[in-house]
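Here is a short report for someone meeting this structure for the first time. Keep the sequence and the 3D view at hand while reading.

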Amino acid sequence: MQEITSLKNPKVALWKTLKDRKGRKATGTFLVEGRKMVEEAIASGFEIDALLVQDDYGYDCPPVHCAVYRMPAHVIAAVCDTKTPQGIAAVVKMKQIELRSGKLIALDGVQDPGNVGTIIRTADCAGIDGIVLTEQCADVYSPKVLRATMGSIFRMPMTVTADLPAFLKAFVQEGGSVISSQLDGTPFYERTDVAEAFCLVIGNEGNGVSDEVQATATHRLKLPMRGGAESLNAAVAAGIMMYDLTR
């Protein structure tokens, strides 16, 4: 265990950059806060780069094979995103898994961190095999997304693609169904001929699924709107569809 007492320490300066997407991308790491998230990362086999512990932390440190740094409250607070850090955090190395088949969710420019995190958590609960995101989506390793996933970030295989239409075309060529969720689609509960391997596409909160992605779809479906609202929240719509598709 190593002691860090100054905000001017180079490691502290580096860890502070993990609050921003640019810093996370440059280092290939992200920060998780709190004992539950740290333990989830370790249990899921993610590589831990460093464990940060407040000097008055009242619990035993989880067993890790990495450097452990003890620091006063004001130093760990400068590194963490939450206003009241829980006294423990971990610098975790990112992991991407190549996804080709199975029951997948694709996020086409979903930008709200709460929506992205909630969809990841719901996909984990519903038994989805993986999530594909475009580069325009909210960063899955941002603090707000991580908190919304409640640890599912470590159990849900994910990949980011620069060309979602090409990914979906290849998915269809392998026998899978691509389901575009859109307001002008056919009724969701009357769908037919959806393959066992499917990719459900959830579009941007304001613009929906892009035209290029819609063009790859084998199914264009909409949920019923029985009241006065014109649309559902993206994460809510995703959850309803995921659970019914895996039923």
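The model is a predicted one. Helix α3 covers residues 35–43, and its buried residues are Met-37, Val-38, Glu-40 and Ala-41. Viewed down the axis of α3, these residues stay within an arc of 160 degrees, so they line one face of the helix.

**After helix α3**

Gly-45 follows α3 and has a positive phi, near 85 degrees. Phe-46 sits in the loop between α3 and β3. Is Phe-46 buried or exposed? Its relative accessibility is 9%, so Phe-46 counts as buried. What is Phe-46 in contact with, leaving aside its neighbours within four places in sequence? The partners are Ala-41, Val-92, Lys-93, Lys-95, Ile-153 and Phe-154. Ala-41 is also one of the buried residues of α3. Phe-46 and Met-150 are 104 residues apart along the chain, and their C-alpha atoms are 16 Å apart.

Most residues other than glycine have a negative phi. Met-150 is not a glycine, yet its phi is positive, about 55 degrees. Met-150 lies in the loop between α6 and β8 (158–161). With a relative accessible area of 39%, Met-150 is partly exposed. Asp-193 also has a positive phi, near 60 degrees, and is a residue other than glycine. Its place is the loop between β9 (177–187) and β10 (198–203). Asp-193 counts as exposed, at 71% relative accessibility.

**Helix α7**

Helix α7 runs over residues 164–173. Which of its residues are buried? They are Leu-164, Pro-165, Phe-167, Leu-168 and Phe-171. Seen down the axis of α7, the buried residues fall within an arc of 160 degrees, so this set lines one face of the helix. Their packing partners are the strands β6 (103–108), β7 (130–134), β8, β9 and β10, together with helix α8 (211–214).

**Helices α5 and α9**

Two packed helices are described by the angle between their axes and the distance between the axes. Helix α5 spans residues 113–126, and helix α9 spans residues 234–245. Their axes come within 9 Å and cross at roughly 15 degrees. Angles under 35 degrees count as roughly parallel, and α5 and α9 are therefore roughly parallel to each other. The crossing of α5 and α9 is right-handed.

Which residues meet at this contact? From α5 come Asn-115, Thr-118, Ile-119, Thr-122, Ala-123, Cys-125 and Ala-126. From α9 come Ala-234, Ala-235, Ala-238, Gly-239, Met-242 and Tyr-243. By class, the contact of α5 with α9 has nine nonpolar and four polar residues, and no charged ones.

Thr-122 is buried, with a relative accessible area of 18%. Setting aside its neighbours within four places in sequence, Thr-122 is in contact with Gly-239, Met-242 and Tyr-243.

**Helix α2**

Lys-25 is found in helix α2, residues 21–27. Its relative accessible area is 73%, and Lys-25 is exposed.

The table sets out the accessibility of the single residues discussed.

| Residue | Relative accessible area | Class |
|---|---|---|
| Phe-46 | 9% | buried |
| Thr-122 | 18% | buried |
| Met-150 | 39% | partly exposed |
| Asp-193 | 71% | exposed |
| Lys-25 | 73% | exposed |

**The whole chain**

How many helices and strands does the protein chain have? There are nine helices and eleven strands. The C-alpha trace spans about 60 × 40 × 30 Å along its principal axes. Of the 247 residues in the protein chain, 49% are buried. Among contacts with a separation of 6 or more, 77% join residues 24 or more positions apart.

Conventions: Residues numbered from 1 in each chain as written. Predicted model: local features only at pLDDT ≥ 70, side-chain atom pairs only at ≥ 80, totals over all residues. Heavy atoms only, no water. Axes fitted to C-alpha atoms, helices over the stretch in contact; angles between N-to-C directions. Helix = DSSP H or I, 4+ residues; strand = E, 2+ residues; numbered from the N terminus. Parallel < 35°, antiparallel > 145°, perpendicular 65-115°, else oblique. Left-handed = near helix turned anticlockwise from the far one by under 90°. Contact = heavy atoms within 4.5 Å. Nonpolar A, V, L, I, M, F, W, Y, C, P; charged D, E, K, R; others polar. Buried < 20%, exposed > 50% of the residue type's maximum accessible area, 1.4 Å probe, protein only. Arc of directions from axis to C-beta.
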